[in-house]
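Morning, everyone. I have one structure to walk through today. Have a look at it first, and then I'll take the ligands and the core in turn.

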Amino acid sequence: MENYLLVTGGAGFIGSNFIRRCLSVRPDWCIVNLDALTYAGNPANLEDLGPNLAARYQFIHGDIKDTALIDRIFSEHDLGGIVHFAAESHVDRSIVGPEAFVDTNVTGTFRLLEASRRNWGKGNVKKFFRFLHVSTDEVYGSLGSHGYFTEETAYDPSSPYSASKAASDHFVKAYFRTYGLPAMITNCSNNYGPYQFPEKLIPLMILNIIEERPLPVYGDGKNIRDWLYVVDHCDAIIKVLEEGRPGETYNIGGGAERENIEIVRLLCNLMDTRLGRSGDKSSHRLIQFVADRPGHDRRYAIDATKIKNQLGWKPGHEFEEAIEATVDWYINNLKWVNSVRSGEYRKWIETNYQGR
Ligand code: NAD
Ligand code: TYD
């Protein structure tokens, strides 16, 4: 009961998977989850931990920008580290309303860094302390048909989301260089898996297929993302937290590049099998090419050589198997889906897809 970890944004998609994974594979870790419960945060994501894991888990409803609250968490717990997931995370939302992204991703990260600088190394903070900033490959901008993002690739963000994550990454690096805060950054490719909010490509398509709604594919559908199963991302973060070197950046990727249209067609096939649809009832009839996303990055692909060679991490799941498990998870958890689709969600879907 002595290794306290503060996780921010642990009621979201990756954060909740991370907490579940950590509590299972690290039986001596205790986790404090600080989450503001925005539209994307759902305490239901961790409702079923069971008594063994729940005994080492504490939830605090609050904002990463609340400096006094962060100071209090530092003073009440002997923190060995912070894993910082909390963010506004959806590119389309950042196009419609960028300010929230600056507020949470830039100012929020800055305040968390400041609180860490103030509290690190004094009083109730362990000698071993790490600040792990969870970031995205989108900070590198877009690739053409060749090449990969390495840790040396220059930042070139395209959307307000990726610009805000890039800004926060720069602050993290500056706090290491200027103040010696033992901070590290992970830049990861697109994740998929259970508990992803159904505004993102894969869960949105699965649910629209179930409900026989249009499947909106942006532009020509040939944009490429490098997909990683969320549990593999969580294992990579644990590796970096335990064995990564302060001041370093680690790229994390699945090595599973797919065009968006390939993903959508695959989901139609998997769902048709499960729903008994074929012929002119097949879900493929629902595919609709719609107006492209402004500033839409063409291709993301990660070179994960560094984390593989230095820390011995590689993805543990094959895309073909994990995507099937994901599809089955959504089909079997429609109660969860309904609980997260608030009035706000329905309003977003109406705004984003109207006129596309
Ligand atoms: P998410 O949107 O599902 O969850 C974000 C969580 O942060 C929510 O629980 C929300 O309530 C919380 N939050 C938002 N603002 C907050 C604030 N001011 N204070 C406290 N909590 C707040 O996001 P996700 O997909 O789980 O992504 C988590 C992190 O991983 C983000 O930093 C994102 O940039 C990064 N990332 C995501 C992906 C991906 O494919 N989803 C890939 C690479 C990196
Ligand atoms: P998304 O899940 O929003 O992740 P990101 O923008 O962070 O990569 O989108 C993944 C890809 O799918 C991206 O190229 C945009 C595309 N997309 C669609 O074609 N239709 C949709 O309805 C959504 C949400 C995304």
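Let's start with the shell around ligand 1. Three elements each supply at least two residues to this shell: α1 (13–25), β5 (125–136) and α6 (160–179). Of the elements, β5 gives the most, with three residues. Keep in mind that this is a predicted model.

How many residues surround ligand 1? The number is 28, and the closest are Ile14, Asp35, Ser89, Tyr161 and Lys165. By class, 13 are nonpolar, twelve are polar and three are charged.

Now the polar contacts. A backbone N or O atom of Ile14 sits 2.8 Å from an oxygen atom of ligand 1. A polar backbone atom of Gly12 is 3.0 Å from an oxygen atom of the ligand. On the side-chain side, an N or O atom of Asp63 lies 3.0 Å from a nitrogen atom of ligand 1. And how much of the ligand does the protein bury? Alone, ligand 1 exposes 840 Å², and 97% of that is buried by the protein.

One residue on helix α1 deserves a stop: Asn17. Is Asn17 buried or exposed? Its relative accessible area is 8%, and the cut-off for buried is under 20%, so Asn17 counts as buried. Beyond its neighbours within four places in sequence, Asn17 is in contact with Pro194, Tyr195, Val230 and Cys234.

On to ligand 2. Here 18 residues make up the surroundings. The closest are Glu138, Pro216, Arg293, His296 and Tyr353. For Glu138 the distance is 2.5 Å. For His296 it is 2.7 Å. For Tyr353 it is 2.8 Å. On its own, ligand 2 has 510 Å² of accessible area, and the protein covers 97% of it. Two elements give two or more residues to this shell, namely α7 (201–210) and β8 (215–218). The classes here are eight nonpolar, five polar and five charged.

Last, the nonpolar cores. The largest has 83 residues. Which residues have the most contacts inside it? They are Phe18, Leu267 and Ile307. Helix α8 (residues 230–243) provides the largest share of this core, eight residues. Take Leu267: leaving out residues up to four places away in sequence, Leu267 touches Ile202, Met205, Ile206, Ile209, Ile323 and Val327. Apart from this core lies another, of 23 residues, including Leu6, Ile82, Ala86 and Ala183.

That's my tour. Over to you.

Methods. Residues numbered from 1 in each chain as written. Chains lettered and ligands numbered in written order. Predicted model: local features only at pLDDT ≥ 70, side-chain atom pairs only at ≥ 80, totals over all residues. Heavy atoms only, no water. Core = buried A, V, L, I, M, F, W, Y, C linked by side-chain atoms within 4.5 Å. Buried < 20%, exposed > 50% of the residue type's maximum accessible area, 1.4 Å probe, protein only. Helix = DSSP H or I, 4+ residues; strand = E, 2+ residues; numbered from the N terminus. Contact = heavy atoms within 4.5 Å. Near = heavy atom within 4 Å. Polar contact = N/O pair within 3.5 Å; in protein donor to acceptor, adjacent residues only side chain to side chain. Areas by Shrake-Rupley, 256 points an atom, 1.4 Å probe, with all protein chains shown as cover. Nonpolar A, V, L, I, M, F, W, Y, C, P; charged D, E, K, R; others polar.
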